[in-house]
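Good morning. Please have the sequence and the model open.

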Amino acid sequence: MSLSFTVNGETRTVEAAAGTSLLDVLRNHLGLVGTRFGCGLEQCGSCMVLVDGEPVHACSRDVSTLAGRTVTTIEGLSSDGKRQPLQQAFLDEQAGQCGYCLSGILISAKALLDRNPRPSRADIVAALDRHLCRCGAHQRILRAVERAAAVMRGEAG
Amino acid sequence: MTAALPTSLIENPRLDRWIRFLPDRTVRIASGKVEIGQGIVTALGQIAADELDLPYGRVVVLSGDTAEGPDELYTSSSHSIEIGGSSIRLICAEVRANALERAALRLNCSPTDLAVVEGRFLQCGAETGQDYWTVAGEIDLTQNVKGTATPKAASAHSIVGQDVPRRDLPAKVSGGAAFIHDVLTHGILHARVLRQPSPGAQLVSLGEAAIRRAAKGEIQILREANFVAFVSEAESVADAAAVAAERQARWDRVRKLTPEQQEAAWLRDQPSEERPHGAAAAASPPRNLVRATYSRPYVAHASLAPSCALAEYRDGHLTVHSHGQGMHPLRRNLAAALGLPIEAITARHLHGAGCYGHNGADDAAMDAALIAMRLPGRQIRVRWRREEEFGFEPVGPAMLITLHVQLDDRGYPADWTTEIWSPTHVQRPGSGGALLASEALANPPPPAKPTDPPVERGGGATRNAIPLYDIPAHRILHHLVLNPPVRTSALRGLGALPNVFAIESMLDDLAARIGQDPLAYRLAILFDPRARRLLEQAALRCGWASRGPAGTGKGLGLGFARYKNRSAYAAVAAAVAVDEEVRVERIWCVADAGLVVNPDGARNQLEGGIVQAISWTLKEQVRFDERGIASRDWGSYPILSFSEVPEMQVELVDGAGNPALGLGECSCGPAAAAVGNAVAHALGARIHDMPFTRERIVKALL
Ligand code: FES
Ligand code: FES
């Protein structure tokens, strides 16, 4: 089956069998490898992408449901190869060890900041609670999202 | 060569195994230590840049490459900075001295007249036109290291000791192809493996037609004895075949496990090898004997990414990419398992998710290599499935620990015995273990006699079994359990976490017997000034002086250890609230790792170790059923989540001129112990067994 949807601002048309996951299409058909596989069971959050602005597990999302929709992946967070304040905040806080969890976490953080520019610590925790980080970089990640929110509000540099 | 050289240099004496000057005016440093999320590549670059007086950006680091880099065995046990880092420091100091000698000859001056500024050689402050690259051709890097050059004093460091940002993180926050999983080059073949349920199991039949139907695409099925792989150009097809194969395979002689075997208590009655260590048996009959038993069950590494590997066999040469902890050992192990000469194999490291020890990485490499040998000329990518990672990675061994403590008349330990029942902590291939797939081949390796690192080498089950406190006599009775139900191997800190948990739990309870404050009790039997300082500082930070009474549901606890009794020191305080569950609210950690190359990176490691230790202590246990390991997803193997991770305040004390000590594992044991003691304080009763489940909390209160 052939279907078209928007990925990071570009219309893409893919051939995929029914039942193919969005994650498989991103990684193996479109060459967007930044979205990671962790479990395939909606349990770890490594594969999170935005579909029409909402965080969605790409590992379990049937690509055939996406015709005409808009998908944003981690690659779509930077524009013109420039890092966004959210990504820069993760570097400023050195928020990560192995970094495998970060793509998905950045996506959920972006969705949060898009709808709530002034999140509390509890809001951030709630937004990230379906993500796992085995390295234990949680506190740095929470600080990075707070920092990004402040930067985006123009309160800190 | 002097005997005082680090082992890495003794094994790899040639300078060019470590350092090269590249034409683009950079210096390439090579290391056998690999990045596993701990920031080692950044730290080694800092050491080299500092010793050579180069800007950090002009040093590139090649890590884990059997073709060009040194063999430093595994990236483990907090050795990377202690041994790998000091090797690079010595190499760079020597090459710097050689370069200055050459330049001095050209300039007709003494090397002592020259200074190095950003790689340029200055004579009495003036440019000379000479630098590393102008003289590089005259430095003979094929020579062996002499080890006679003196590295800089800590006070002269300008890059070491700085919070240099990690080199690999930018790609990891931008969705770059940062991981081995992301090598998806055109024409690559995806493979999945049908795992032999247990060693010795025989594949009776395989419904290949049904598997092909379920795969919904072109698939090759490779079978050799009890090893089966599914290979396809489409990853989803290989995956679907592997899922279907589980139902289509009939196995004979599968070893069935039972839930009883998943408990540490099961170990006590198993055949074991006795490995006593330390003082002769205590005088009998013992006086004032206190005894208590503690345990930790089997726990998983549980990397966020399942293991992955790439292999290609072309023109008689096998090239393997892996995220394992040691490329040279992997190369040797593959050569032995595949019957290839070692020169016919190159192994290179690519990043994976954090591994925290010996997980499935090497096994995946063997899978890929086996398949590549059958399909020459093709790049093979094996990625384990999530359930495969949980079900077949080696797990951290269960430990049962009984402490027998004889007290003196004042109530302090006079004689201490740590008695341990545990399977081996190290079954890496080639040292007690085998690459998983070789068990499934026609001639599986003969069962190896289990062994465990001796105390002198830091110990396995016995790691940190001897308290650092001043106790007149102590010994270890180590029962190395010979036939555990599952494959066990190295997990962050080996036996340190369970042992420190047991020792520190016991100390709190001993203090209570004589009505003394746990901090004061510890300080009364702890003479090492570095250790005392940490405990005092941690106590200050957490407000120990105003610690409330026991049994209120709120608790404050301390834990302390020096990792391996010779690496970094850490004291941890934990504040908890307990009702039906334990909530760790805050953590304070003070550590002393001597010279710290990258303080922020070090704190990152300490924090990660604390989070993992809390997770193991409160939540984690590998569970068994008939088919083996039953906890095969994150639902049945939960780990600490964002909403459960405490606030943490982590600090490193000034190194005070002391040498660098490995610190990646030092916070784990103290954190587990601090949580254990805080929970005991909150409940007014002790929980001896990890994880601290609701049932155990309720039971402790009865
Ligand atoms: S891979 Fe999708 S949630 Fe884990
Ligand atoms: S940084 Fe390794 S899993 Fe989060």
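Arg686(B) is buried, at 13% relative accessibility. Buried here means under 20% relative accessible area, exposed means over 50%, and partly exposed is in between, with a 1.4 Å probe and protein chains only. This is a predicted model, in which local features need pLDDT of at least 70 and side-chain atom pairs count only at pLDDT 80 or more, while totals for chains, interfaces and linings use all residues. Residues are numbered from 1 along each chain as its sequence is written, chains are lettered from A and ligands numbered from 1 in the order in which they are written, and side-chain values use heavy atoms, with hydrogens and water left out.

Which side chain does Arg686(B) meet in a salt bridge? The partner is Asp509(B), at 2.8 Å, N to O. A salt bridge is a side-chain nitrogen of Lys or Arg within 4 Å of a carboxyl oxygen of Asp or Glu. Arg686(B) lies in the loop between helix H15 (668-683) and helix H16 (694-701) of chain B, and Asp509(B) is in helix H11 (residues 496-513) of that chain, so the pair ties together parts that are 177 residues apart in sequence. Helices (H or I, at least four residues) and strands (E, at least two) are DSSP runs, numbered from the N terminus. Asp509(B) is partly exposed, at 29% relative accessibility.

Over all chains, the structure holds 59 salt bridges. One of them joins Asp65(B) and Arg348(B), at 2.9 Å, N to O. Asp65(B) sits in the loop between strand E3 (59-63) and helix H3 (79-107) of chain B, and Arg348(B) in strand E16 (residues 345-349) of chain B, so this pair ties together parts 283 residues apart in sequence. Asp65(B) is buried, with a relative accessible area of 6%, while Arg348(B) is partly exposed, with 29%.

Another salt bridge, at 3.1 Å, N to O, is between Asp408(B) and Arg410(B). Here Asp408(B) is partly exposed at 21%, and Arg410(B) is exposed at 57%.

Now to the two chains together. How many residues does the contact take from chain A and from chain B? It takes 47 from chain A and 57 from chain B, where contact means heavy atoms within 4.5 Å. The area buried between them is about 4200 Å², and carbon and sulfur atoms give 54% of it. Buried area is the accessible area (1.4 Å probe) that two parts lose on being put together, summed over both.

Between chain A and chain B there are 6 salt bridges. Glu607(B) and Arg140(A) meet in a salt bridge at 2.7 Å, N to O. Both residues belong to a network of salt bridges that also links Asp163(B), Asp600(B) and Arg603(B).

Last, the cysteines. How many disulfides does the structure hold over all chains? The count is 0, a disulfide being a pair of cysteine sulfur atoms within 2.5 Å. Take Cys308(B): the closest cysteine sulfur to its own is in Cys98(A), 14 Å away, which is too far for a bond. Cys308(B) is buried, at 0% relative accessibility. Cys101(A) is buried as well, with a relative accessible area of 5%.
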